[in-house]
Amino acid sequence: MLEKRVSRRQVFGIGAALAAGFAATGCGTTQRTVATDQPSSTTTAAASATGDPVMVSQAAPPPPPDNSPAAVVARHAAEQPQRWGTEMPGIISTFAATGKQLALTFDACGGPGNNDIDESLVNFLITQQIPATLFLNKRWIDANPARAAQLGANPLFELANHGVAHKPLSVTGRAAYGIAGTGSAQEAADEVWANHERLTELLGRPPRFFRAGTAHYDDVAVAIVNELGETPVGFSINADYGATASAAKVRSAMNAAAPGAISLAHMHRPQAGTGAGMIAVLPTLRAMGFTFVHL
């Protein structure tokens, strides 16, 4: 019995010492920092075979990664890209469909001559209750703040990030369709983040998806987007070829849709064939059993 009583006193003594240590580093006016090479840990109580409490030390989980824009840029500043294009790991171009589902996406590219909106197309989607994901460029939002707010308030539409200056996303300035890309990790992050903040202000929550201008990326830029908290999006159906296709070509491209496809078209060129082509083909696809979903 004496041995058992001594054992318990020792345990309680250890517990008291730990409690005093916690009090000293909790609210005291004077604190002392002890350097150690050991990982930080937490201490919890467990029961021994005799029922007496035993203090068990557990390693603390590692801190989450710092994905602030500055930290993301610093991690990738010296990296050189190995891949370039519209498809690569880290970009979603299709989705796992449940049945015959199709995701419609429409870009509003913004900038000189590109700040308009195809009202006939948007009104058709609303009238027919067809959901879509709308990738809005910051210049387009700034030119159409009231319309952007209306679109964001409509549950048919999910607003997504189409960048600040509609540039291909690169860390070396690589161009697509004659448009120069962002020239560094800093410029790539800026192209994403300024519109991330603009959309967060507009929606009251951050956007989930990003599509680069021209939908071209290098692999370092893809990593930057992902670490900034957005998912890079490509496409599996190029429906209107940058709003240059005729209505007939838009219909033909969309008629080739398969379940899980992501279509890419544009909503800022009312004189293009996009609106007429979509208005003609979407009811046909619905009659074929397709349903339309957000990403």
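Modeller: The side chains of Glu 201 and Arg 198 meet in a salt bridge, at 3.8 Å from N to O. Please note that this is a predicted model, in which local features need pLDDT of at least 70, side-chain atom pairs count only at pLDDT 80 or more, and totals for chains, interfaces and linings use all residues. Residues are numbered from 1 along each chain as its sequence is written, and side-chain values use heavy atoms, with hydrogens and water left out.

Biologist: Why is the contact of Glu 201 and Arg 198 called a salt bridge?

Modeller: The term requires a side-chain nitrogen of Lys or Arg within 4 Å of a carboxyl oxygen of Asp or Glu. The N to O value for Glu 201 and Arg 198 is 3.8 Å, so the pair meets the definition.

Biologist: What makes Glu 201 exposed, and what makes Arg 198 buried?

Modeller: Buried means under 20% relative accessible area, exposed over 50%, and partly exposed in between (1.4 Å probe, protein chains only). Glu 201 has 61%, and is therefore exposed; Arg 198 has 17%, and therefore counts as buried. Salt bridges that share partners also join these two residues with Lys 138 and Asp 142 in one network.

Biologist: Why is the pair of Phe 210 and Tyr 217 called edge-to-face?

Modeller: Rings of Phe, Tyr and Trp (its six-membered ring) pair if their centres lie within 6.5 Å; planes under 30 degrees apart count as stacked, over 60 as edge-to-face and the rest as tilted. The centres of Phe 210 and Tyr 217 are 6.5 Å apart and their planes stand at 70°, so the pair is edge-to-face.
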